[in-house]
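Here is a short briefing to read beside the sequence and the 3D view. Start with the terms, then work through the topics.

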Amino acid sequence: MTLRDSAARLGRIGAGITVLAFLGLAAVYVRALVYTPVEANQGAAQKIFYVHVPAAWSALIAISVTGLLSILYLWLKDRRIDLAAAASAEVGVAFATIMLTTGPIWGKPIWGTWWTWDARLTSTLFLFLLFVGYLVLRGVLVDPTVRANLSAVIGVLGMILVPFIHLTVYMFRTLHPAPIVLKPSAPSLPGVMLVTLMSSLGVFTLLYIGFMMQRYALGLLREAREEEMANAS
Amino acid sequence: MGALLRGAWAIAVKDIAIEWRTKTAFASGLVFAVLVLAVLFFSRDPTAVSSQDIAPGALWVTFTFAAMLGLNRAFLLEREMHGLDGILLTPVPRSAIFWGKFAANLVFVGTIEAISVPLFVLFYDVPIWLRFPEVVLVIAMATIAFVAVGTLLSAMVVRTRYAELMLPLLLLPFLVPPLVGGVQLTARLLEGRPLSDLGGWLKLIGAFDIAFVTLSALLFQVVLEE
């Protein structure tokens, strides 16, 4: 089986997972809107929680994967690792966009403001901007090896930068709700809501995997195509 | 170690000598710094906000922009006539190139800052001399952070056709921790707050310096690979 065939197969599997994830997403929406009780203090606005948190989760996975693959690339120097890192970064930027748009929609009725310079908001915003920069840099570099090297450098630097920005803004001031699920004591979210959140997290993880596989397959195909063109000329 | 130091010294001296003879980047960087200081003075409502209130922010935004302008120069200089190929052919360790450029950039950015500070005091009427050694320490620590990441990134963006555009895009996120720390520390020093109020931010910038100077020096090798 050629590289091209295996890439195409990977893309098809990714597409299958994505379809499955979209069906799951529809089910999660129904569950969140119809079968999960309305939160007493926040009212209907709280429903956005079931999209916002999973999107943030997927963005975080995507960007951590890019960081880890960047380190791995610098070690092994395999171009496929670079393609996977880039695929993950692109998918991560998409999820981060969902996170950064759903956040303000919730923030306006609950906080009374669209945006606040809180630690988590600021660090995710800079993370988003940094990874847009990463993708722009990839776009303007022509040589594949140089592109892979330089993007891996940004991937590694970015991973170290995020905790620094978080700490910086934390020392500045903070307002984001404190964790209610991932915290040392038991989750303070009622069971019904927790199940909805967890299913949504699962669905968004699946979406990430599906998108990522398709994007990686596309990267492989594009590279195979470029090589064919180079050999032909 | 000896070869590394000699190589780095030679590269730093070369860069500073070029700048000394032309003074193009230096003159434009300095004029730019004065312009930013002047423009920021008007970025407030004078009846509500005094110039002292925005002074720390103005100083650090000026430093950030001036540093960015100067850092672009470090490797754009080598792009013409394939200067970098020449340096890569010379028998010096690769890391000497980083440290040489780092040192030259520190001198360059530091000089612009040293001239901007008196102008800043003049324009914004702040009692900087009350805590002058501490202010210098903060500026030095933040400048090391700016220049370390900036040297690495400017070597990267010079490989693209859009170096002037790419450097601010990639570099600014990395300048956030030293920039915010610099503003906070300067504001506290100008208000005459005690040393115990400074510890947290100083530690943050110190940790940032250690992490990013090390990382930049290590990753620089990757950037030079063909």
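Helices (H or I, at least four residues) and strands (E, at least two) are DSSP runs, numbered from the N terminus. This is a predicted model: local features need pLDDT of at least 70, side-chain atom pairs count only at pLDDT 80 or more, and totals for chains, interfaces and linings use all residues. Residues are numbered from 1 along each chain as its sequence is written, while chains are lettered from A and ligands numbered from 1 in the order in which they are written.

**Confidence**
- pLDDT is the predictor's confidence in each residue, from 0 to 100.
- Chain B has a mean pLDDT of 88, and 100% of its residues reach 70 or more.
- Among the elements of chain B, α6(B) has the highest mean (93) and helix α4 (residues 83-89) the lowest (81).
- For the complex, the predictor gives an ipTM of 0.87 and a pTM of 0.86.

**Helix α7 of chain B**
- α7(B) has a kink of about 45° at L175(B), shortly before the proline P177(B).
- That bend is the angle between axes fitted to the seven residues ending there and the seven starting there.
- After α7(B) comes G192(B), with a positive phi near 70°.

**Contacts**
- Two residues are in contact if their C-beta atoms, placed from the backbone, lie within 7 Å.
- In chain B, 24 residues are in contact with 25 residues of chain A.
- On the side of chain B that touches chain A, α7 (163-190) and α8 (199-224) each supply at least two residues.
- Beyond its neighbours within four places in sequence, A145(B) is in contact with P178(B), I205(B), F208(B), D209(B) and F212(B).
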